[in-house]
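Hi,

Here's the structure I promised to pass along. My notes on the disulfide and salt-bridge search follow below it.

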Amino acid sequence: MRRVLAGVLATTVLAGLVTLAAHASPRAAADEPVVVVSSTFDDGTAQGWTSRAGEAVAPSTAVAHGGTHSLAVTGREQSWQGPTLNLLEKAQKGIRYDLSVWVRLAAGEAPTQARLSVERRTGGTASYDQVVGDTAVTADGWANLRGSYTLAADVEFLATYVELSSATASLHIDDFSLSHTPLPPIQTDLPSLKDVLADHFAVGAAVGNAELLNNHGQLLAKHFDSITPGNTLKWDATEPTEGAFRFTDAEALVSWAKANGAAVRGHTLVWHQQTPAWVFKDAAGNDMTATPENKALLLARLEAHIRGVVGHFGDDIPVWDVVNEVIDENQADGLRRSKWFEITGLDYLRTAFRVAREVAPDAELVINDYNTNVPAKRDKLHDLVVRLRAEGVPIDAVGHQMHVNVQWPSVAETEAMLAKFVPLGIDQQITEMDVSIYTDDSQSYPTPPAEVLLAQAYRYRDFFELYKKYSANISSVTLWGLADDNTWLDSFPVTRKDHPLLFDTRLQAKDAYWGVVDPGRIGGPTSTTTTTTTTTTTTTVPPATCAVAYAIGSQWQGGFQGEVRVTNRGNAPVTAWTLAWSFADGQRVTQLWGGVHTQTGSAVSVRNASWNSTIAPGGSVSFGFLGSWTGANGKPTAFTLNGVGCQS
Ligand code: XIL
């Protein structure tokens, strides 16, 4: 996460900046790594590494990760002290670099944590970008800090450094490298998403400023007509200290959007995260408690913040996520117990929308949240919107984040989410969509399996079909990222490589892209699925290509609710399906959702609904039903999918 030095607001005109030299990196073929810097210390010198502030750095033979030497760092007194290397003439703007360094504590030091960061300065203002977060380090072995970094601004100073949580521990570093892998050109012969979807809604991507440059910028301009700054309009970025607004990064994005004919979604004015600590300190500098004085102070800060930020951009930002993630469906009143709520009750919501409307009368004002498909959360959000609008609070739209995955949630549940808000006559936006390839926190794939990427493509197809069905009620659909090389899901909820977007890590169109643009081409020749193709020469018919899980959700006298999940275990998609079974105990299906059923005697057959006709390889569909029973309610054990027996 970005940290910004407090209190050093630049007032200088940004003149005479160094735009990094184009000669810095030799020309190289796409996909071949280019090593720009390699520090082994084996020549017995520090190879350009220095100390940040007075601590000592010196080549050492006490330990080495490879070769004969490492770099020893001693005499530290502050946690931010450590070895640093000037990258100003080495790294170019808009290129994604991989950084790697090995770290070990000096003999006898207690375990602590190390970080790898970049310091950059523009117009005298320093910013600190974290490349690798806290990583456990000890004196007993080497730990690798590895991450990537793209410089997005012109700078007059640029350096990488290693720091420790411990203020005093001595350390060694070794085998540092700075490298990059040139990208192939973007595909210019593909349909642009914004053209394909022009009749339905705007299509957007959330980006950082590095994604406005080079290949990323070209891809963004080609496909998207709306952009959301992923972080640069959040409170910690725009007002890190009270009254000291910083807009340089967000302004760069707004200018890019103007130059490229894209709209900007402002994200976000009020959130319980990425809000600086000072906001919730009382007049004496202590943490606020819920008193009338603190409430007045907090609402005044909120008003000043919104006036400062929204007022600064005026008409350049026509839509704002005014409040973000304020619902907690586990509270009886549905309201998240954030500091905002604890200190002001509902008044922070009232103030935020009122002030935003006053400052930007023409802007569309959104209440944004995640998991809005979950029925309890959906309903609590709905009820809050109804209640506040009845009071006259100017909420113009509901934002559904749609951070989903290859299995969850169902299209039916998502449709119920959209349908719920239609009667309010309120605009809806999909604000942060991504489709994780993971369905639980324990999974991690070294390379994404082909069948999972196919399942993802079908998910994108189905969700976009649904959005189009509701396009009278949806004004924009935004993805939370441009391409798989940069997604917040790489570190949330756990650290692992995810691939949740429409373009791959080399910015090439995935099957997911075709899911949106032309589903008939999913799995086709232009698919850039990265896994290997299996050539099968055997003619053996695979035994069962499906698996069925049949569960009785609840059961009462004479009635029960059944839940059935059908998984495609084959290598090809099933494009229309009928599942059949026979009841042994005379049960009857009385009502069924997620499919169309018929029953003759004990024989039940369930055909797909229009929206879940395809089961991707490795993917599943589910349906539920109400049934009647007398005497016994045994679970059926034999199922067929399109006439072929399934595992159950
Ligand atoms: C994420 C950003 O993408 C990350 O870079 C940052 O470290 C954390 O926040 N819901 C939201 C977004 O509303 O603001 C979040 O963005 C993702 C979840």
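Aspartate 347 is partly exposed, at 23% relative accessible area (partly exposed sits between buried, under 20%, and exposed, over 50%; 1.4 Å probe, protein chains only). This is a predicted model, so to speak: local features need pLDDT of at least 70, side-chain atom pairs count only at pLDDT 80 or more, and totals for chains, interfaces and linings use all residues. Residues are numbered from 1 along each chain as its sequence is written, and side-chain values use heavy atoms, with hydrogens and water left out.

Aspartate 347 makes a salt bridge to arginine 350, with the closest N and O atoms 2.8 Å apart (that's a side-chain nitrogen of Lys or Arg within 4 Å of a carboxyl oxygen of Asp or Glu). Both residues lie in helix H7 (residues 347-359), three residues apart, about one turn of the helix; helices (H or I, at least four residues) and strands (E, at least two) are DSSP runs, numbered from the N terminus. Arginine 350 is partly exposed too, at 25%. Through shared partners, salt bridges join Lys295, Asp347, Arg350 and Glu391 into one network.

In total there are 27 salt bridges.

Cysteine 546 and cysteine 646 form it, sulfurs 1.9 Å apart. The torsion about the S-S bond is about -95°, so the disulfide is left-handed. Cysteine 546 is buried at 0%, and cysteine 646 is buried at 12%.

Cheers

Note on methods: A disulfide is a pair of cysteine sulfur atoms within 2.5 Å.
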